[in-house]
Amino acid sequence: MGSSKLSTHLHTDFQVREHQSSVLIGETGSGKTTQVPQFLLAAELGSGKIAVTQPRRVAAMSVASRVAQEMDVELGKEVGYLIRFEDMTSEETRLKYMTDGMLLRECQIDPFMSQYSVIILDEAHERTLATDILFGLLKEVLLKRPELRCLVMSATLEAEKFQDYWTGAPLLRIPGRMFPVETFFTLRPEKDYVAAAVETCCLINAHEGPGDVLCFLCGEEEIEKACAEIQARAEETGQETLVLPLYSSLPMNQQRRVFPPAPEGTRKIIVATNIAETSLTIDGVVFVVDPGLFKQMLYNPRTHVESLLVSPISKASAMQRAGRAGRTRPGKCFRLYTLETFEKELPESTYPEIIRSNLSSVVISLKKLGVDDIVHFDFMEPPSPESMMRALEMLYFLGAIDEEGDLTDIGSKMADFPVDPHLSRSIIASARHSCLEEVIQIIAMLSVPPPFSRPRYAQKAADKAHKHFASGYGDHLSLLNAYRAYVDCGSKAEFCREHFLSERNMRQAENVRKQLASLARKSSHLESLENGHEKMLTTSIRKAFVEGFFMQCAHLDESGKHYLTVQDQQMVAIHPSSFLQHKAEWVLYHETVVTDRCYMRNATAIPPEMLIEVATKFYHPDRCKLTAHAKKMLRRALPRAKVAN
Ligand code: CDP
Ligand code: MG
């Protein structure tokens with residue numbers, strides 16, 4: 001922040017002291033996240049802690065570690081972070097970086113946020129679901145706690161919108177120095193954006209003057225691929241180049257490598273996801289390569305499909321990305337799309353997540369937070385009535401809310417778990433079916449990136465090794481087999497190498513399991529009865545999952561070739577990576593992913609009589625709303641089902 005540091009400090013301190021809520025706008029990289037919380041800590045605005053929310057886990061971790069370093073304290077003591085499944089805070093923590101989702105979760109237990117004196121909602125321009133909800137909650141809490149201070153921080157996007165919402169909040173601006181950035185567009189649309197990005201990085205490396213390169217791509221796989229190609233091409237031409245990936249699932253120590261300057265005479269090329277757009281700032285970047293795309297979670301309330309899709313960025317994002325090139329001196333931004341695309345096809349700003357997400361988790365959390373009238377909740381941008389109705393309907397089917405829309409006992413227990421309502425419902429059911437441990441292990445495996453690795457050079461060997469864990473029932477039980485084998489083995493590293501498992505993802509799954517198990521222990525009346533017989537277990541586990549996922553099942557159609565989902569009769573196929581090899585009549589799936597077609601990922605065969613027994617309302621052939629063919633199959637199974645007629 002340079003010379004403006006002191007004045008910004010005094011100003012912010014004064015404003016936050018005088019006003020209960022303030023909005024702080026500052027160019028990305030101006031020190032909002034790392035500096036402002038330190039000022040406020042020094043200003044001693046109260047006896048409580050300071051919370052700083054971040055939409056991304058990586059940012060919370062990385063920034064906390066940076067600030068601890070700056071303050072010369074051990075991470076986890078005065079300065080710590082809290083993200084889902086990882087708590088790096090202690091009694092001593094005064095400054096707590098955390099994901100917005102975690103603060104939301106804390107509000108369930110402590111609706112007045114009483115451990116904090118100051119709450120900083122950072123990266124507000126990202127408009128994540130959790131931040132949007134926190135806005136509404138915080139507005140209420142501020143009325144009840146006059147001493148509480150709230151600071152909303154955002155990159156220079158939509159300042160007015162925030163001010164409108166936070167009526168009366170003064171607007172602070174951190175003066176940001178920005179050098180001019182020259183922007184180039186392509187003349188024709190690019191067919192392959194990854195190849196185009198690689199090519200552009202190599203051209204910059206060969207023909208441009210000194211300065212680091214920041215290239216945006218969409219996901220781990222394409223980033224690693226691009227890095228390898230750029231590195232190889234640089235070596236061919238003998239240029240000193242340091243190519244580094246940056247994405248959220250990258251281990252911490254590797255993430256840190258992007259910050260320090262490269263050795264004299266070496267050019268640093270960082271290939272990153274959207275995380276480098278505003279959450280993390282890397283100094284020394286002079287060239288930006290922007291394909292104009294990012295991965296965003298999109299939920300279609302009509303089809304219930306939630307998928308991570310590569311989508312065009314907004315104009316505001318494009319400006320942010322370009323801005324990354326002009327932080328230290330004049331820079332250049334190479335956009336891999338045409339000027340016409342920029343002008344006509346990119347939306348002005350990114351849609352807030354609340355408008356494009358599955359609301360059922362939101363609704364259940366709000367209910368647990370005591371917000372009864374969800375329709376009139378003070379959302380900055382209210383979700384569509386259609387997705388709200390869908391969410392309420394789904395929770396009603398799951399038994400989480402009753403006909404009046406009030407949270408049931410089951411719903412209240414479900415809200416204790418930081419997972420999708422389908423999963424929390426399965427956890428609750430598993431206790432009754434004496435398979436709590438197993439279901440939690442499976443959910444832990446479902447919550448991490450796919451643990452089965454399949455490197456290009458050893459696909460056959462990997463497939464063979466994975467067969468080891470295969471269960472004829474399908475993926476859920478295969479995941480359980482893999483998890484159990486991993487826990488029981490001697491050397492984890494060796495075991496993972498031999499069986500082509502990602503050790504990192506397995507370790508993460510272990511961690512998730514631990515957290516879920518501890519939540520289950522705390523949750524009232526939730527304990528597993530004596531574990532059933534191993535043979536019974538496969539049945540009980542599937543029953544528990546049916547309780548949570550009976551709406552996420554599909555059946556073969558009349559031709560026996562395709563699957564149709566039970567909710568929307570959408571055509572889906574079993575994912576090629578599935579352990580489920582035979583065409584079971586009925587399958588339950590964890591999620592759908594859309595690539596070239598719509599696939600069910602993590603699928604398990606379910607006998608129809610089990611569906612009728614567990615979700616009678618939904619599957620009884622006389623009462624269900626399924627296709628004639630589905631009814632026929634269910635009618636055949638009816639005599640085997642134990643249901644009262
Ligand atoms: O939040 P905002 O975008 O305003 O800026 P910041 O994240 O607080 O970054 C301020 C400065 O700290 C930038 O120059 C970053 O490059 C630097 N920084 C760093 O060197 N290492 C980190 N892990 C985080 C920030
Ligand atoms: Mg920041």
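The model is predicted.

**Stop 1: a parallel strand pair**

Begin with strand β10, residues 212-216, and strand β13, residues 285-290. They pair in the parallel sense, over 4 bridges. Show side chains for leucine 214 and for valine 288 in β13: the two stand opposite each other.

**Stop 2: the whole sheet**

Now widen the selection. The open sheet has 6 strands, in the order β9-β16-β13-β10-β12-β11, and the pairing is parallel. Which strands stand at the edges? They are β9 (181-184) and β11 (241-246). Each has a single partner strand, so one side of each is left without a neighbour in the sheet. From one strand to the next, the twist averages 15 degrees.

**Stop 3: around ligand 1**

Centre the view on ligand 1. Around this ligand are 15 residues, of which Lys32, Thr33, Thr34, Arg66 and Thr281 come nearest. Colour α2 (32-42) and α3 (57-71): these are the elements that give two or more residues to the shell. The largest share, 4 residues, comes from α2. What is the shell made of, by class? It divides into 10 polar, 3 charged and 2 nonpolar residues.

**Stop 4: two crossing helices**

Select helix α16 (residues 436-447) with helix α18 (residues 475-488). Their axes come within 9 Å and cross at roughly 95 degrees. An angle of 65 to 115 degrees counts as roughly perpendicular, so α16 is roughly perpendicular to α18.

Show the side chains where they meet:

- From α16, take Glu438, Gln441, Ile442, Met445 and Leu446.
- From α18, take His476, Leu479, Leu480 and Tyr483.

By class, this contact has 6 nonpolar, 2 polar and 1 charged residues.

**Stop 5: a loop glutamine**

Finish at glutamine 569, in the loop between β18 (563-565) and β19 (571-574). Is this residue buried, exposed or partly exposed? Buried needs 20 or more C-beta neighbours within 10 Å, and exposed needs 12 or fewer. Glutamine 569 has 13 inside 10 Å, so it counts as partly exposed.

Leaving aside neighbours within four places in sequence, glutamine 569 is in contact with Leu564 and Thr627. Then draw a distance to alanine 554, C-alpha to C-alpha: 8.2 Å in space, across 15 residues in sequence.

Note on methods. Residues numbered from 1 in each chain as written. Chains lettered and ligands numbered in written order. Predicted model: local features only at pLDDT ≥ 70, side-chain atom pairs only at ≥ 80, totals over all residues. Pairing = 2+ DSSP bridges. Axes fitted to C-alpha atoms, helices over the stretch in contact; angles between N-to-C directions. Near = placed C-beta within 6 Å. Nonpolar A, V, L, I, M, F, W, Y, C, P; charged D, E, K, R; others polar. Contact = placed C-beta atoms within 7 Å. Parallel < 35°, antiparallel > 145°, perpendicular 65-115°, else oblique.
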